[in-house]
Amino acid sequence: MVAAVGSVRRSFAPWNDPASKPFIEFRGVTKRFADFVAVDDLSLVIYEREFFALLGPSGCGKTTLMRMVAGFEEPTEGAVLLDGQDLAGVPPYRRPTNMMFQSYALFPHMSVEQNIAFGLRQDRTPKGEIAERVEEMLNLVKLKPFARRKPHQLSGGQRQRVALARSLAKKPKVLLLDEPLGALDKKLREETQFELIDLQQKLGLTFLIVTHDQEEAMTVADRIAVMNHGKVIQVATPAEIYEQPNSRYVADFIGNVNLIQGRVSASATGATRIEAPGTGAVIELDQAIDAKVGDQVWFAIRPEKVRISLDAPLPGSPNALSGEVWDIGYLGDVSIYHVRLASGATVTATVTNQSRVVERPITWEDKVWLTWSRNGGVVLAK
Amino acid sequence: MERRASWFNVTSVTLGLAFLYLPIVLVVIFSFNASRLVTVWGGFSTKWYASLLENDALLDAAWVTLRVALISATVATVLGTLAAIALVRYGSFRGRTLFSGMIYAPLVMPDVITGLSLLLLFVAVGIDRGFWTIVLAHVTLAMCYVTVVVQSRLITFDRSVEEAALDLGCPPFKTFFVVTLPLIAPAVVAGWMLAFTLSLDDLVIASFTTGPGATTLPMKIYSQVRLGVTPEINAICTILIGLVTVGVIGASIFTKRREVERQRAERLAAANP
Amino acid sequence: MTAAADTAPPAARQRSHPLAWLVVAIPYAWLAFFFLVPFFIVLKISFSTSAIAQPPYTPIIDIFGGLGSIFSALREFTTDNYVFLTEDSLYWRSYLQSLEIAAISTFLTLLVGYPMAYGMARASRAWRPMLVMLVILPFWTSFLIRVYAWIGILKKEGLLNQFLLWIGVIHEPLTILNTNLAVYIGIVYSYLPFMVLPLYAALEKMDDTLLEAAQDLGCPPIQAFWKVTFPLSLPGVVAGCFLVFIPVTGEFVIPDLLGGTDTVMIGKTLWNEFFSNRDWPLASAVAVVLLLLLVVPIVVFQNQERKQQERES
């Protein structure tokens, strides 16, 4: 699913083009609240028409960063630029950005129509034009029949769409989405994610979304910035974040991962060998890494890239571990095997259930072998 | 969660309410008493209401009281709302502790102290005492009550609604009138009503701060009670009680109906997601 | 204070309207002028001497007369009023009796109010707003009238005596009016809503599953009340007691209308000193001492209220 969405817009990659101009730019931005540093000397560039996600645990500074674009916070140090213009001192009501709030923040005393028209009224747009634009927005979010209702007369999903329509009505240069789908249930949330992507493509706007939900970020975004403690840890496309995490933090935060500690024993272009004495494994990779022989590194491999088998591989082959099945989690589409190694460490392997046979060939307390290919994992020095 | 009503709970609430309402019911009943004696029933009569209409002094006092209450409640509501905003929205400004102290202290300050100190102030600055000094005194007392009522509403107020207005291009000053004020209106109205009642009811502060020519209804009633009660007072009280009852019942029916409509609308919304 | 600064959303502090300071300044100035300044005037006059003049005290400080006239006025200040307060037994008896009556009636109000608030909080959800409304409603009718209605009930040929004679509990009418008992009844009656409402607020938001948990863990209902419900309602008890105790200490109307000649409460003494004897300096001294007696409970009450507000925000 993730890969499919990514591939739709493969041709769109302004971040790889040195000629592209930054649209939103954070230059050495720091934000302090009393003695708490919310954003720490952060620099980041977002391009026009990009769907960009700020992802991280709560308190990592992602919301503060977004609120600096909206104008609700001013950076303590550094600058935020929009389309080449420094936003310092521009109040929120004069910025060409609009925000969709986590709580939706619909005006409870105004109807759906009045909510959507609110922003246009502030600009003293002619009445006819407002009506037209409201109509257009109502159609866009399919809420035409509910135009006269008050927010409390709407369901959660409808309110979410009103909030979206209201923030899009003024055609902002940037749409800011603060955990926009957090209040919806899982199914509706997934549907809405795809609606957001369609909308962004259709309108050709720049979207900046803040979320703590990694699946949501992977689904909707062209690029993701993974944040922690006020710093950006990695900025990359969803596929890169997943397959090429640059640190243990990112590998662990996005999806599940097995981390094996080891020491580099051979390093050459296109080939690396790591020995992990704790587990007795020898790991070989078809890639050069950013570490010298003798360095302590971590080998990260995703559970779905680990094969589990009752048969032993050829003696002395690399990328293999032996252990005992400790626990099996049956999720329907996949089964998760927790295998305990002789060292006491646990490695997880995910197996797709391809037949309807309920009896599994591998069961509790079986002695099993875990193997993976030479390009299955990634070495992390950080 | 539904809670069960035990006989103990029902009894204590019933007795408590009976205690609160007994004197009021008696005032109403005896306003229709033909006898001049306040506690002896001499048959039904409305003659005290008729004589009330001829008692100009009492009617004048009622009119003064009403004007004082209307003006002071309105000014107190404006000042009290400002103070509530200052306390909730302005974080820690210089002298905040003193400010919040001056808000809470009048709530419990004995009336004799407030009245005496205000009188001495008016004397010291040389204001002629009368109608307007009562108004000033009542504004000072009532604004603190308004502040407490509005403050509790502002604390639970979702700030992101205001931020949404700013974000959509509405400047802060306008946001207050277009978004904030309509949403805190119920608390502001409740504050006004509380201020109005306080002013209507006050005897002690008004007695200290008044001057020649400005006699309020409580002052009039007090002097009559001391001299010996005339049943006309029962009549005027019954009229006041009637007005309040009608007003309160009307207001509660209105809010109840809105609540029912809202619940129906919410069910409707839940039905078509 | 710092906690309030942290929780205040930054948007408010950030870019403010050029006139935003007025929001603080106007009510601040009003209260400073009409609430704070008067206390200093009371303090000043309490050191003055009574005079037959208009205004009836001396010296009158002429602020515009320069430092010299202020100093000469200061030399005329006297502590005679305070000395007099300690010498005449009327005053210290008034203070003591006020505190005693306030303490006893606060306790009585709690005794009556707690079961009532508890019953209201246990009523079904549909009934609760209605019951709160019923407790507030008497507020809207004149306090004076409600107190005056009690005269009709409590006097010798009043309704209570008629009723008690009729059911045969007593054979001679009781003297209740113009005694301290009548004052207690009047105070409990008038201040009951001030006690019930904070108690109700504390009890109503209590989680029922706490009681279920206590019983599940082997605690019988009555014990569960004392070990769970009551401790959790303590903030309401404290708030209610302050709301009753402080104003009752300076109460004037109730002791004046219902009390007897031996009911000497300080509010009444102050009133008489001011209106009957026209001794403003002495009345001011009485007020200053009363304020000193109440300053501790008032400050405790303010802190309690402020903490409550901060907890809720």
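The paragraphs below lead through a sheet in chain A and then through aromatic rings in chains A, B and C of a predicted model.

Residues are numbered from 1 along each chain as its sequence is written, and chains are lettered from A and ligands numbered from 1 in the order in which they are written. Because the model is predicted, local features need pLDDT of at least 70 and side-chain atom pairs count only at pLDDT 80 or more, while totals for chains, interfaces and linings use all residues; side-chain values use heavy atoms, with hydrogens and water left out.

In chain A, six strands form an open sheet in the order β6-β7-β8-β3-β9-β10, with mixed pairing. Strands are DSSP runs of E with at least two residues, helices are runs of H or I with at least four, and both are numbered from the N terminus; two strands pair if DSSP finds at least two bridges between them. At the edges of this sheet stand β6 (97-100) and β10 (231-236) of chain A, each of which pairs on one side only. Neighbouring strands are turned by 20° against each other on average, direction ignored, where axes are lines fitted to C-alpha atoms, for helices over the stretch in contact, and angles run from 0 to 180 degrees between N-to-C directions.

Strands of a sheet pair through backbone hydrogen bonds, either parallel or antiparallel. Strand β3 (residues 51-55) and strand β9 (residues 223-228) of chain A pair in the parallel sense over four bridges, and A:Leu55 stands opposite A:Val226 in β9(A). Across β3, β6, β7 (174-178), β8 (206-211) and β9 of chain A lies helix α2 (residues 62-70) of chain A, running at about 150° to β8(A).

Turning to the rings, those of Phe, Tyr and Trp (its six-membered ring) pair if their centres lie within 6.5 Å, and planes under 30 degrees apart count as stacked, over 60 as edge-to-face and the rest as tilted. This rule gives 42 aromatic pairs over all chains. One of them joins B:Phe131 and B:Trp132 edge-to-face, at 5.1 Å centre to centre with 80° between the planes. Buried means under 20% relative accessible area, exposed over 50%, and partly exposed in between (1.4 Å probe, protein chains only), so B:Phe131 is buried at 16%, whereas B:Trp132 is exposed at 55%.

The rings of C:Tyr114 and C:Phe230 have centres 5.6 Å apart and planes at 45°, so this pair is tilted. Because C:Tyr114 lies in helix α6 (residues 89-122) and C:Phe230 in helix α12 (residues 221-232) of chain C, the pair ties together parts that are 116 residues apart in sequence.

Methods. Contact means heavy atoms within 4.5 Å.
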